[in-house]
Amino acid sequence: EKVYPVSLWTPAILTLTFMLAAVILVWDRVRGIHTSGGLLAFWLVLSLAGVFQFRTELRQVGITEEPNFRFYLYMIYYPIVVVMLILNLFADPLPRVTDRPKTEKPSPVESASFASLCFFGWYESLIWKGFRKPLTIDDLWNLRYHDTSDYVVAKFEKRWNKIMKKNFESPIAINYAKTNGAVTSQRSKPRKRVSVTGTMFKTFWLSILNAGIIKVLNDCLAFVNPHLLHYLMLFVESKDYMWKGFMYAICMLLVAQLQTICLHTFSYVMYTLGLNWRTALVSAIYKKALRISSSARKTSSMGEVVNLMAVDAQRCVDCAPHLHMAWTGILTVIACMFFLWRIIGVATLAGMAVLIILTPVNVTISKKVRTLQLRQMKVKDERVKIVNEVLSGMKVLKLYAWEPSFKDYILAIREREMSLLKSAALWNASTSFFWLCSSFLVSFASFGVFVLLDERNVLTPEIAFVACALFNVMRFPIYYTPMMVQFIIQFLVALKRINKFMNADELDFTSVSHDTNKKEPLIIEDGTFSWGTEEDDKPVLRNITLKVQPGQLVAVVGAIGAGKTSLISAFMGEMVRNSGYANTKGRIAYVAQQAWIQNATVKDNIVFGSNFDEKHYFKTVKNCALEQDFKMLSGGDATEIGEKGINLSGGQKQRVSLARAVYSDAEIYLMDDPLSAVDAHVGKHIFENVIGPHGQLKNKTRILVTHGIAFLPQVDVIVVMKGGEIMERGTFKELLEKKGEFSEFLIQHLAETDQHEETQDIQELLDEETTQRIRKISKSESLRSLRSTSRRSSVNLEVPSSL
C-alpha cells in the first residue's frame, strides 16, 4: 500500500503539538496559573475538527467487516481529546503558597476557569443570591488582587517615577561656593511636561491590547452574519439540500452568540481598565497634593484638587470603553462600504457622500462642546472652592448673618455653570440628531441612487436584506459616534487639567539634608530661603545661621511677620533653599499654630497609627492637661471628634495636637506657638510637664516659637528674629545685658500686657532703668486709652424734635 507524505506529517505535527501542550501545562503549574485559554482553545478546535473523522470512522465500521488498526487507535485518541477538553473547562486549585495577601471573601474571578471567564459563570452565584433575597454590602466579594489599589498604584508609580527620572536634564547638584563656603542648591529642570496619558497607556498596555484584539474579533464576527444571510437567501431561492439551510441558521445563531460574548468581554475589560486608571490617578493626585510646593499651591486651590480626584479622574472610567471604538468604528464603516460596493456598486458613494457632509458638522460641534467643557470646569472649580470656604467658616457666616449674601453668590455661579451645561447639552443633542438621521439618510441615498442609476438595477430581496444588514452593522458605530466624541472630549479636557497639576513644582527634598554624622540635630549655615522658585518670590529668610545642640530648648521670639514660622518651615523642607546648608538628624514632630484634627476618636487622634502603649499614653494625656477634658466628654477618649474638631474648643484642639506629637516620641520637636490657644494656668502646666527643662520632653531637641515671655528665663537659648533675619541669640540674662532687640521686644511686651502675675518673675530680673521705661510706656498707653474713651463719651446725639 502506498504511503502518502500527509500520513507521515500529520502524526509528526500532532506529536509535536501534544509535546508543546504538555510543556505549556507544566510551565503554567510552575508559574501558579490555574487556567489557560490557549490550551482550552487548542483542545476545543481539536475536538470540533475530529468530529467529522470520528463520524466517518463509525460509518466505515458498518460498511467493512473487520475494522483496521487505525480505527482502534482513533477510537482511543478522540475520547482522550474530548476528556482533555472537559478537564480544561474547569480550573486547577489556586497555589497554596503565594505572595498575595489573603482576604476573607476572595473574588471568584480569581479561581474561575477560562470558560467561566468567557461566559461570566463566576458571577452566577451572586445573581442567584440576589434572586433569593435583596443583596447587601456583606454579600459582595473583595476585589481581585490585580484591581486593588496596592497593586495598581505601585505599578503606576513605578512607571511614572521612571519617566520623571528620565525627564530631568541632570541629577540635582550641590555646589560649594569658594567665597564664603556656602552651599548653593541647583535644582534640575525638566526638559518638557510629562504627560499622564503616556504613563497610563504604558502601565496598562497589556489590558488595552487584549481589549483591542477582542474588539477586532467582535467587529469581524459582525460581518459574518450578513454573508451567512446572503447564502441563506440563495438557499431559499434554490432547491439545495435541507441540511445546508439548517447549517446556515445554526451558524448565524452561533456567530451572534460569539459576537455577544466578545462585546461584553471587551466592555468588562475596558471598564475594569477605567477603574484602574481612576485608582492610579486619584492616588497620584493625592500624593502630588502633599508634595506640591508653596508657590504652586497658590494656583491650585483645594476645590480644584477635589475636582481633579472626583470629576476628572471619573472621566477616565467613562471614556475607557470608547477608546477602541474610535478607531475600530472607522474600520467598520470602511469595511461596510467595501462590501456594499460589491452589492450595489457606485450607489455606495451616495451614502459615503452623506457621511462626508455630516463629518465637518460633527467636528465643528465637537470643538464647540470642548470649549464649553473647559469653561464649565473652571466655573465648577470656582463653585466648589466657595462652597468649601462657606462650610469651613459656617460659624462666622451664622454669627454675621451672611447666609443670604453667600447663597446668592453661590447661586449666581451655579447659574453660570447651568447655562454652560445647557449650551453643551443642546450642541450634543444636535450631534445626536444628525448622526441618528445619518443611518437612514445613507441607506435612503444609496438605494435611491442604485435604483435610479440604471433600469436594470432591481432591488431584489437578496440585495435589499444583505445591504440592510450591512447598514445595520454600520449603524452601531455611527449611532455611538456622538457619545464617543463627547466622552473623548471630556477625557482629553480632564487629562489636560491633570497634566497641568501633575507637572506643578514640588517641594525640593534636597533643600534639607539628613546627615547622621553631624553632632547637632538641627543646622542651618548661611541659609537663604524663599517660598517659591519664581523671580517674584523674594527671600523670606536671609543669612540664617543656627545650630541647635542635642537636648536643647530653643525659644524663637519676634514681632508678627518676623519669620518665626518660616524658620520652622525651613527646617521641615517646605521652603526653597536658595543658598546655604541645612541639615536635620532624627525624626521630627511638628505642632502647628492652628491645630489639625482628624474626624476620628480623641484616642485615635493622639495615637495616630502608632503602637499603643498604655503607660506612655496616659502619661502624655496627664501632662497635656487632657484628663479633665476626658471626664467632660460623653465618651471619654473614645468620643468621636467632628469634622475639623467642631465639638472641641480651641484649647482642647491645641492640646490634642500637642499630645499627638508628644506620643510619637520623636527626636526633634518643632512647636509653633502651641500655648497661644490655652489659658495661662494650663499653659504653665504644659510647659512645666511637657516642654520645659523638667518636662516629659526634657531630653529631646525642641524649638518653641512663642509670643509669650513668661517661660523665656527657663529656656536654654533665645533666638530673636526681625525682618527674616536672626538679630540676637543667647540666654535670657545675656540678651538683657546687651540691651538690643530682645530688650526692646521685652519692654514693649511688658508694657502692653495685663498678665502681671505671670510676668512678675521676669520683672524682678530687670534693672531700674528698664523698669522706668516700662512704666513710662504703660502710662502713655493708659492716657491714650483714656482720651479715646472720653472722646467717645462726649459725642452729642441730635434727636429730631418730632420725637
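Q: How is a salt bridge to be read, and which side chain does Asp629 meet in one?
A: A salt bridge is a side-chain nitrogen of Lys or Arg within 4 Å of a carboxyl oxygen of Asp or Glu. In this predicted model, the side chains of Asp629 and Arg655 meet in such a bridge, at 2.3 Å from N to O. Asp629 belongs to helix α21 (residues 627–632) and Arg655 to helix α22 (residues 650–663), so the pair ties together parts that are 26 residues apart in sequence. Helices here are DSSP runs (H or I, at least four residues) and strands are runs of E (at least two), numbered from the N terminus.

Q: On what basis are the residue numbers and the values given?
A: Residues are numbered from 1 along each chain as its sequence is written, and side-chain values use heavy atoms, with hydrogens and water left out. As the model is predicted, local features need pLDDT of at least 70 and side-chain atom pairs count only at pLDDT 80 or more, whereas totals for chains, interfaces and linings use all residues.

Q: Are Asp629 and Arg655 buried or exposed?
A: Buried means under 20% relative accessible area, exposed means over 50%, and partly exposed lies in between (1.4 Å probe, protein chains only). Both Asp629 and Arg655 are buried.

Q: How many salt bridges does the rule give, and which residues does a network of them join?
A: The count comes to 21 salt bridges. Bridges that share partners join Lys288, Arg291 and Glu506 into one network.

Q: With which residue does Lys287 form a salt bridge?
A: Lys287 forms a salt bridge with Glu157, and their closest N and O atoms are 2.6 Å apart. This pair links distant parts of the chain, as Lys287 is in helix α10 (residues 242–291) and Glu157 in helix α6 (residues 149–167), 130 residues apart. Lys287 is partly exposed, at 30% relative accessible area. Glu157 is likewise partly exposed, at 24%.

Q: Which salt bridge does Arg456 form, and is Arg456 buried or exposed?
A: The side chain of Arg456 meets that of Asp454 in a salt bridge of 3.0 Å, N to O. Arg456 is exposed at 70% relative accessibility, while Asp454 is partly exposed at 25%.

Q: How is a sheet to be read, and what is the order of the 6 strands in the open sheet?
A: Two strands pair if DSSP finds at least two bridges between them. The 6 strands follow the order β7-β8-β9-β5-β10-β11, with mixed pairing. At the edges stand β7 (588–591) and β11 (725–730), each with a single partner strand, so one side of each is left without a neighbour in the sheet. Within the sheet, strand β8 (residues 668–672) and strand β9 (residues 701–705) pair in the parallel sense over 5 bridges. Leu670 has Ile703 in β9 as its bridge partner.

Q: Which strands pair with β3?
A: β3 pairs with strand β4 (residues 541–548) in the antiparallel sense over 5 bridges. Strand β6 (residues 576–584) also runs antiparallel to β3, joined to β3 by 7 bridges. Phe529 has a bridge partner in each of these strands: Leu541 in β4 and Arg577 in β6. As for burial, 7 of the 9 residues of β3 (residues 522–530) are buried.

Q: How is a cavity to be read, and how many of 30 Å³ or more does the structure hold?
A: On a 1 Å grid over the protein atoms alone, a cavity is a set of points where a 1.4 Å probe fits but cannot get out, and lining residues have an atom within 4 Å of a point. Grid points are joined across faces, edges and corners, and a volume is the space filled by probe spheres set on the points. The structure holds 3 cavities of 30 Å³ or more.

Q: What lines the largest cavity?
A: The lining of the largest cavity, which has about 50 Å³ of space, includes Asn362, Ser366, Thr431 and Val485. The elements that give two or more residues to this lining are α14 (348–392), α16 (403–453) and α17 (461–502). The lining divides into 5 nonpolar, 5 polar and no charged residues. Here Ala, Val, Leu, Ile, Met, Phe, Trp, Tyr, Cys and Pro count as nonpolar, Asp, Glu, Lys and Arg as charged, and the others, Gly among them, as polar.

Notes. 1 Å grid on protein atoms, 1.4 Å probe; cavity = no way out; pocket = protein on both sides within 12 Å on 5 of 7 lines; lining within 4 Å.
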